[in-house]
Amino acid sequence: MRTGKIAPHSFSWGRAMLVGIGIGILYWILQSGIGARSYPGRDFLMHLFPPDVAETIMRTMVVVYFVAFGAYAQSVISSGIRRARESLRETEDRYRLLAENVSDVIWTMDLDLHHNFVSPSVARMRGFTVDEAMQRSLDEDLTAASAARFREATSRALAEDAPDSQDPRRSWTLELEAYRKDGSTLHTEVTTTLLRDAEGQPTGLLGVTRDISERKRADAALEFRLKFEKVISTISTTFIHLNTDEIDRGIERALETIGRFAGVDRSHVLLVEGRQPRVHRIYEWVASGNPTSVAYLQTRSISEFRWWLERFQRFETVAISRIEDLPPEANAERTLLERNGVRSHISVPMLLRGELFGIFCCSALQSHKEWSDDMISLLRIVGEIFVNALERKSAEEEIARENAKLATMVSGMEEGVLFADAADAVIEANDYFCDFFDAGRETVIGRRIQDLLGEDLRPILQPLLDSYRRQSTAESYVTQRSMHAQEVILRMQPIHHNGTYVGLLLNVVNVTELVAARREAEDALRVKSEFLASISHEIRTPLNGIIGMADITLETQLDAEQRQYIEMVQKCAESLLCQINDILDFSKIEACKLETESFAFTLRDSLQETIASLAIGARSKALALELDVAEDAPDGLVGDPNRLRQILVNLVGNAIKFTDHGFVRLHVLRESQDDESVLLHFAVSDTGIGVPADQQDQIFEAFSQGDPSTTRKFGGTGLGLAISSKLAQMMGGEIWVESPSPEATGHTGGPGSIFHMTARFALPQVHVQTEPSDAATRESAGPSDAEPAGLAILLAEDNPVNQQVAKRMLEKRGHRVEVADNGRKAFDRLAEQPFDAVLMDVHMPEMDGLEATRAIRERDHANGTHTPIVAMTASAARVDRDRCLRAGMDEFLSKPIRADELHAVIERVVAQTRERYPRPADAELD
């Protein structure tokens, strides 16, 4: 309400009442008073005045009242009109202020597409004044393609418009490129609405133009990141599977992939050697139509280019956007690049055990190029992959050379052979045997075998000879040992004739070089395992950031398009994580390190959980997912339910993936049973595409999916069935497949397939532990009943992205988080202030997580306290878990970290610690 003006409510209830009463009195006077001369006050007036005068006074009062009422009504109407005009002006002012201050540009056009209004915000968005913008035509405002799209959309809207349209505010939205005043372009989102006259006919256009350049840049950055991850994943996965003789070609293909992704014209790897580094090997890819530089660089010494060499020796990346901007001291480098037509160049040093191993270079020949941090990171990662692949190639070639040499030696050498009679005297020995013992033949023949082989073998040899004399069925004895500074295999074979011991055949095989080669092969396998673990760690670290940030972003306010993009990122990351897990499991199989556990579990509950986890995929394809467990199958079992679940998820998941309609059924039967164990038969049947008979054996081989087109269509690494087959063998069973005809299965959805798997489980005994092992309990237990909230948590993590992911997850739970970027800082911070829990990364600079944990535990022991510590690392192997627990950590989480898993583990360890080590406040409460 404004000061000095009559409030609307004041008139409505106060004066309206007076007006109503006055009208009522007048109505009563006119209807019954005047004519009957009996209106109120008549007698009073008649006493004061004569009747005619009294009548005249009363009539005059009526007239005056009507005149006053009319004047008042006119005043009320005038006041209402004035207030309406003021309200209209205020509304116009508000709309004008809105148009002048909104960041979007509001405009109107006539149907000939000429502007007749543009809001002042056009100056902020595009640099034009309102007058300049009004004078510009559509073709001057928009790029040719955008102008054509706008005209087409407007024409279509007008053509489809009808007077009785159910959408009188017909509008449409387009993404268009518009010009700024400086000639540059920006991306805009334009929403246009038809303006209509009183009869509903279109008279013009009303539009709102929004600058979406920043969103476009964000979309482009996200697209680049997705492509970045895909390139890294493709290249790293490729090199894991390449044979030695395929690595050179793999590097050339990878150079082409990187070159095309980076938008350059030439990419090459220079391998160098020597104290004054000289190029000894070049891998190069050159875009079509551009010259190669191999011949010129083949024999060049890097020492000729001092400016480059100084930076390479400091392991610095040299990124040059414009060759002409090189400093004067880089004249030799400028000459080299200009001679090869290079306009922009980047060089990344490749290191092997702290030494310069090579240089990874990319060059732009057609135009200048800016080198982003992401691109530099990509080149560094790929350079490391090249180094690991070439080192593996070198190691495997060296092993191959040693194996070839060993094979030649074995095929050409003579085995040491000796014969002894029943009295243990040597009766024959070949030259190799004599040479091996460095004795002449005349010295060997006739000696007792016990004296010839030496004192250290006598405790083994004499009882063995005695057993040969007593038993004609005694088996030969084979042992490997060191003799005369050599590794040898001794094979002693008794010779019996008609059940009587007549002598001994002794073979001596010098396996010194074979043992050395075996050790080298074991070292190579260790290098391969370390390589896989390293690649897994390096991929899981960014994956933790990708999946974590995707989860966090999905909890924010997103439009539909943004949510779709983030969910796509999340699905791609999850798919990559599954493939990494398959590769790691397969590497464990190759190294014979894949393990199973044994504890009591309930069969039907485990199967229900497995089927429930796969139900969403089946529902998305409208498939019937069925579980049928035979009544005589025992429910209580002892074994590894996690490995069983891994096999069934693979078999049922494959069935869902390769079935478009129909059903997928898991049927469980009891194959056989005794007092201690039961053999169960699991059959997964479907109505999918089936498996041809000629491919039913090979699909259980690594990296195989039957027809090669299957991988392209359905994806996957081809490792799942190979891993499942090995696990089934470890569980005392086997796995096989059959594809019966539709007539045999009774369905017509497709040829279908039935995957069979058997596994043996122990039956619970009285003395058998009925609870899961400690490791299983840690993995399966949920959060404590008493869920601590608002904890003070110390996060020891050196990766900035993973810091943000973990910190955000914890803070959303209500915890207070402090970050230390290495183990030393975490240890020192705990000395200054106690924390409820510590999240400890394992791989950190200065002091790693294991060393920091040991130091914290020593201090806890001295103080009689216990700090809950949870390992958080991208190393996911069982050995890594065990190492963390041995160092004193309470729990282990492998990256990528899931929020619910993180919270459950923290809440559990904090509750357990408070129960075992009550703080003073807790003790008082007790």
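Helices H11 and H12 are roughly perpendicular to each other, a label for angles of 65 to 115 degrees, where under 35 counts as roughly parallel, over 145 as roughly antiparallel and the rest as oblique. Helix H11 covers residues 306–313 and helix H12 residues 331–339; they pack at an angle of about 105°, with their axes 6 Å apart. Here an axis is a line fitted to C-alpha atoms, for helices over the stretch in contact, and angles run from 0 to 180 degrees between N-to-C directions. On the H11 side, Arg 306, Trp 307 and Trp 308 make the contact, and on the H12 side Glu 333, Leu 336 and Leu 337; contact means heavy atoms within 4.5 Å. The residues of this contact of H11 with H12 divide into four nonpolar, no polar and two charged. In this scheme Ala, Val, Leu, Ile, Met, Phe, Trp, Tyr, Cys and Pro are nonpolar, Asp, Glu, Lys and Arg are charged, and the others, Gly among them, are polar.

## What you are looking at

This is a predicted model, in which local features need pLDDT of at least 70 and side-chain atom pairs count only at pLDDT 80 or more, while totals for chains, interfaces and linings use all residues. Residues are numbered from 1 along each chain as its sequence is written, and side-chain values use heavy atoms, with hydrogens and water left out.

The protein has 31 helices and 27 strands; these are DSSP runs numbered from the N terminus, with helices (H or I) of at least four residues and strands (E) of at least two. Of its 926 residues, 43% are buried, where buried means under 20% relative accessible area, exposed over 50% and partly exposed in between (1.4 Å probe, protein chains only). Among contacts with a separation of 6 or more, 61% are between residues 24 or more positions apart.

## The sheet with E1 to E5

Five strands form an open sheet in the order E2-E1-E5-E4-E3, with antiparallel pairing; two strands pair if DSSP finds at least two bridges between them. Strand E2 (115–118) and strand E3 (171–179) are at the edges and have a single partner strand each, so one side of each is left without a neighbour in the sheet. From one strand to the next, the twist averages 25°. Strand E4 (residues 185–196) pairs with strand E5 (residues 202–211) in the antiparallel sense over nine bridges, and Thr 191 stands opposite Val 208 in E5.

Two helices lie across these strands. Helix H7 (residues 144–160) lies across strand E1 (105–110), E3, E4 and E5, running at about 160° to E3. Helix H8 (residues 213–241) lies across E3, E4 and E5, and runs at about 130° to E4. In the loop between E1 and E2 you will find Leu 113, which has a positive phi of about 65° although it is not a glycine. Leu 113 is buried, with a relative accessible area of 13%.

## The sheet with E6 to E10

Another open sheet of five strands has the order E7-E6-E10-E9-E8 and antiparallel pairing. Its edge strands are E7 (278–286) and E8 (318–320), each pairing on one side only. Neighbouring strands are turned by 15° against each other on average, direction ignored. Three bridges join E8 to strand E9 (residues 344–352) in an antiparallel run, and Ala 319 has Ile 346 in E9 as its bridge partner. Helix H9 (residues 247–262) packs on this sheet, touching strand E6 (266–273), E7 and strand E10 (355–364), and its direction makes about 55° with that of E7.

## Strands around E15

Strand E15 (residues 500–510) is joined to strand E11 (residues 416–421) by six bridges, running antiparallel; Gly 416 stands opposite Val 508 in E15. Strand E14 (residues 486–497) is also antiparallel to E15, with 10 bridges, and Arg 491 has Asn 507 as its bridge partner in E15. The hairpin of E14 and E15 has two residues between the strands, and there Asn 498 takes a positive phi near 55°.

Asp 424 lies in the loop between E11 and strand E12 (426–429). Asp 424 is not a glycine, yet has a positive phi of about 75°, and it is buried, with a relative accessible area of 5%.

## Helices H27 and H28

The axes of helix H27 (residues 823–832) and helix H28 (residues 849–863) come within 9 Å and cross at roughly 20°. That makes H27 roughly parallel to H28. By class, their contact has six nonpolar, one polar and one charged residues. Gly 823, Phe 827, Leu 830 and Ala 831 in H27 meet Ala 852, Ala 855, Ile 856 and Arg 859 in H28.
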